[in-house]
Amino acid sequence: MNWYRIKTSFIAMKQLAKLPKEDKQASIDAYEFFQRMQAGEETKTEDETKAVADYYKVLSDILSIFDVEKLYIPPQLDESEGLYGNQLLIEQAVLKKMNLENPGKSHLLDMGCGRGRISHHFATLTGGQVSGYNIDSHQIESAIDWARECEMSDRLHFKVGNHHEPLEYESGTFDGCYSFGAVWPFFKKEELDDHAREMYRVLKPGARYSCSEYLLTPHFDWNNEEHVTLHKAFLPLLAATHSMYPADVCAALERAGFKILLSAPSEGVAWPLCNQKRDLVSMGRRVVRALEAIRVLPPWVEESLDLLQKSGEAWTAAEKAKIADLNWRIVAEKPLA
Ligand SMILES: C[S@@+](CC[C@H](N)C(=O)[O-])C[C@H]1O[C@@H](n2cnc3c(N)ncnc32)[C@H](O)[C@@H]1O
């Protein structure tokens, strides 16, 4: 483990230790909200979004302790690399699909940018600018701090933003936009059109959207009891609120005016990397228990880690049955005017 990762784990523990009481309570309420959602309660999008923001505020620190600072599990493209190395590989692949004409002059949009570490990677690869937004101000603060520390604040721009609101960018600003597990899992089907139209609006003509996103595969059948049971069991792993089919997302993108260039399963499986992390979390649970005992962490953290581990097992089964994909690829282009 290198120095950066040790430092990240340490900072995450420090953040958790000084988390204000109301943030802790909000994350407990969010956790209970998701449990009720799981049990079938009808919920409003604004309440889901609030719960997601409150939950991620704490989850992003917990997962940073376990070296998952970029909050997604990539496909295993290279067996000799771990989770981080494979994240770099899939990020390079997503960037390549944007087919940038002039990378050094490009301005990209990172939707649901988390702590901005993918934006940082992209800006480093292109030499251009990246803007990112995220619902959780805590992750945005980390993104801004990191950009400053790397002396890249002139090329990395972060702010709080919500997929469910009009995007706060001028029309025709971006040479490309992308997302990693951060957009479609937070939408009800009837809400897809609004966001697809906003993506279309902020892109320049000829620009592309490229992603690696959690989606159900066309084999998933809501009338199949086994599929539905697995889905219920693996969803907590993703801290997602909804599961869309690629066809629904692509149809919304097409209605917004995009041309779909690719909609395809991931190029590698994610479950071996999920299992590796599960083992690490399993070892780290002793630390979590100790932090809970001295009231640094709320008591549900251990419970949620337990849930994460169980969800991991369900995920492996679902992915092997090819009913869900953590890294479905979509490439869509805004036609030249
Ligand atoms: C599974 S993580 C994806 C990881 C992220 N792309 C990264 O760079 O680490 C999902 C992300 O989506 C963000 N998110 C969820 N709902 C959102 C919304 N309505 N608007 C903006 N961001 C949202 C979460 O805060 C979280 O950072």
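A crossing of two helices is left-handed if the near helix is turned anticlockwise from the far one by less than a right angle. I needed that before opening the structure, which is a predicted model.

**Entry 1: α2 and α3**

I started with this pair to apply the term. Helix α2 covers residues 21-38, and helix α3 covers residues 45-65. I looked up their axes, which come within 8 Å and cross at roughly 120 degrees. Angles from 65 to 115 degrees count as roughly perpendicular and those over 145 as roughly antiparallel, so this pair falls under oblique. I therefore noted α2 and α3 as oblique to each other. The crossing in which α2 passes α3 is left-handed.

Next I listed who meets whom. From α2 come D23, A26, S27, D29, A30, Y31, F33 and F34. From α3 come A51, D54, Y55, K57 and V58. Sorted by class, this contact has 8 nonpolar, 1 polar and 4 charged residues.

**Entry 2: α1 and α3**

Helix α3 has another contact to record, with α1 (residues 3-17). The axes of α1 and α3 come within 8 Å and cross at roughly 145 degrees. I wrote down this crossing as left-handed. On the α1 side the contact is made by T8, S9, A12, M13, Q15 and L16. On the α3 side I found D61, S64 and I65. The residues of this contact divide into 4 nonpolar, 4 polar and 1 charged.

**Entry 3: α7 and α9**

I then turned to helix α7 (residues 192-202) and helix α9 (residues 246-256). Their axes come within 8 Å and cross at roughly 50 degrees. The two helices are therefore oblique to each other. Is the crossing left-handed or right-handed? I found that α7 and α9 make a right-handed crossing.

In α7 the residues in contact are L192, D193, A196, R197, M199 and Y200. They meet D248, V249, A252, L253, R255 and A256 of α9. I counted the classes as 8 nonpolar, no polar and 4 charged.

**Entry 4: the sheet**

How many strands form the sheet, and in what order? There are 7, and I read the order as β3-β2-β1-β4-β5-β7-β6. The sheet is open and its pairing is mixed. I marked β3 (156-160) and β6 (259-264) at the edges. Each has a single partner strand, so one side of each is left without a neighbour in the sheet. From one strand to the next the twist averages 15 degrees.

I checked one pairing in detail. Strands β1 (residues 107-111) and β4 (residues 174-180) run parallel and are joined by 3 bridges. L108 has G176 in β4 as its bridge partner.

**Entry 5: helices on the sheet**

Helix α7 came up again here, as it lies across β1, β4 and β5. I noted that α7 runs at about 145 degrees to β5. Helix α4 (residues 83-97) lies across β4, β5 (203-216) and β7 (324-333). Its direction to β5 is also about 145 degrees.

**Entry 6: the ligand**

Last, I looked at what surrounds the ligand. There are 22 residues around it, and the closest are L71, G112, G114, I135 and A182. Which helix gives the largest share of this shell? It is α3, the helix of my opening entry, with 3 residues. By class I recorded 10 nonpolar, 10 polar and 2 charged residues in the shell.

Terms used: Residues numbered from 1 in each chain as written. Predicted model: local features only at pLDDT ≥ 70, side-chain atom pairs only at ≥ 80, totals over all residues. Near = placed C-beta within 6 Å. Helix = DSSP H or I, 4+ residues; strand = E, 2+ residues; numbered from the N terminus. Nonpolar A, V, L, I, M, F, W, Y, C, P; charged D, E, K, R; others polar. Pairing = 2+ DSSP bridges. Axes fitted to C-alpha atoms, helices over the stretch in contact; angles between N-to-C directions. Contact = placed C-beta atoms within 7 Å. Parallel < 35°, antiparallel > 145°, perpendicular 65-115°, else oblique.
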